[in-house]
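Colleague: I'm new to this one. Can you put it up and walk me through the helices?

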Amino acid sequence: MTTTPAPLADRIGRGFAAVAALATVVAFVNGLLLTLAAPDDRLFIEGWRVSSFAIFAALFALLAFRPRRSAGVWEILLAGKTALVVFGMTIGDVSEARLSAFIDLGLVAVVATAYVLCRGWLAWRPATTTPTR
């Protein structure tokens with residue numbers, strides 16, 4: 001039994017992780033525009049949200065390039081985005097919450113599919129080392 005994914009599955013999974021990164025870059029750019037137009041009392045929270053988009057985009061890109069060498073990153077991203085979906089769906093009629101929750105739900109589906117296709121859990125395998133002598 002092979003432990004690595006089939007090359008096609010790996011390419012598709014990496015492509016999904018790259019799509020997640022690009023989608024988050026779009027959210028980052030939109031967030032920048034919202035921050036520029038935000039009133040003073042919203043500047044900090046908008047800036048915090050924009051920096052979070054940048055971090056998420058970078059982590060998704062990391063997974064696209066190194067899907068089986070980023071132990072814990074898949075799981076942290078899936079848990080974080082799933083928590084946002086649950087929170088967004090349960091807080092009631094709050095501006096942007098439902099739309100953001102649906103967008104994040106799509107992102108969770110894409111990332112979970114990439115995780116399976118790339119066999120992201122293999123990142124937890126102990127690294128093998130070979131002597132340099």
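Colleague: How many residues does helix α1 have, and how far does it reach?

Modeller: Helix α1 (residues 7–37) has 31 residues and reaches 45 Å from its first C-alpha to its last. That is close to the 45 Å expected at 1.5 Å a residue, where the expected span is 1.5 Å times one less than the number of residues. Helices here are DSSP runs (H or I, at least four residues), numbered from the N terminus.

Colleague: Before going on, what kind of model is this?

Modeller: It is a predicted model, in which local features need pLDDT of at least 70 and side-chain atom pairs count only at pLDDT 80 or more, while totals for chains, interfaces and linings use all residues. Residues are numbered from 1 along each chain as its sequence is written, and side-chain values use heavy atoms, with hydrogens and water left out.

Colleague: Which residues of α1 are buried?

Modeller: Among them are Ala-9, Asp-10, Gly-13 and Thr-35. Buried means under 20% relative accessible area, exposed over 50%, and partly exposed in between (1.4 Å probe, protein chains only).

Colleague: What do those buried residues pack against?

Modeller: The buried residues of α1 pack against α2 (43–65), α3 and α4. Contact here means heavy atoms within 4.5 Å.

Colleague: At what angle do α1 and α4 pack?

Modeller: About 150°, with the axes 8 Å apart. α1 is therefore roughly antiparallel to α4, a label for angles over 145 degrees. Axes are lines fitted to C-alpha atoms, for helices over the stretch in contact, and angles run from 0 to 180 degrees between N-to-C directions.

Colleague: Which residues meet there?

Modeller: On the α1 side they include Ile-12, Arg-14 and Phe-16, and on the α4 side Leu-107, Val-110 and Cys-118. By class, this contact of α1 with α4 has eleven nonpolar, three polar and two charged residues. Ala, Val, Leu, Ile, Met, Phe, Trp, Tyr, Cys and Pro count as nonpolar, Asp, Glu, Lys and Arg as charged, and the others, Gly among them, as polar.

Colleague: And how do α3 and α4 pack?

Modeller: Helix α3 (residues 73–90) and helix α4 (residues 97–118) pack at about 155°, with their axes 8 Å apart. α3 is therefore roughly antiparallel to α4. Their contact has 16 nonpolar, two polar and four charged residues.

Colleague: Switching to Thr-90, is that buried or exposed?

Modeller: Thr-90 counts as exposed because its relative accessibility is 58%. Thr-90 lies in helix α3, and its C-alpha is separated from that of Ala-9 by 35 Å.

Key:
Helices (H or I, at least four residues) and strands (E, at least two) are DSSP runs, numbered from the N terminus. Angles under 35 degrees count as roughly parallel, over 145 as roughly antiparallel, 65 to 115 as roughly perpendicular and the rest as oblique.
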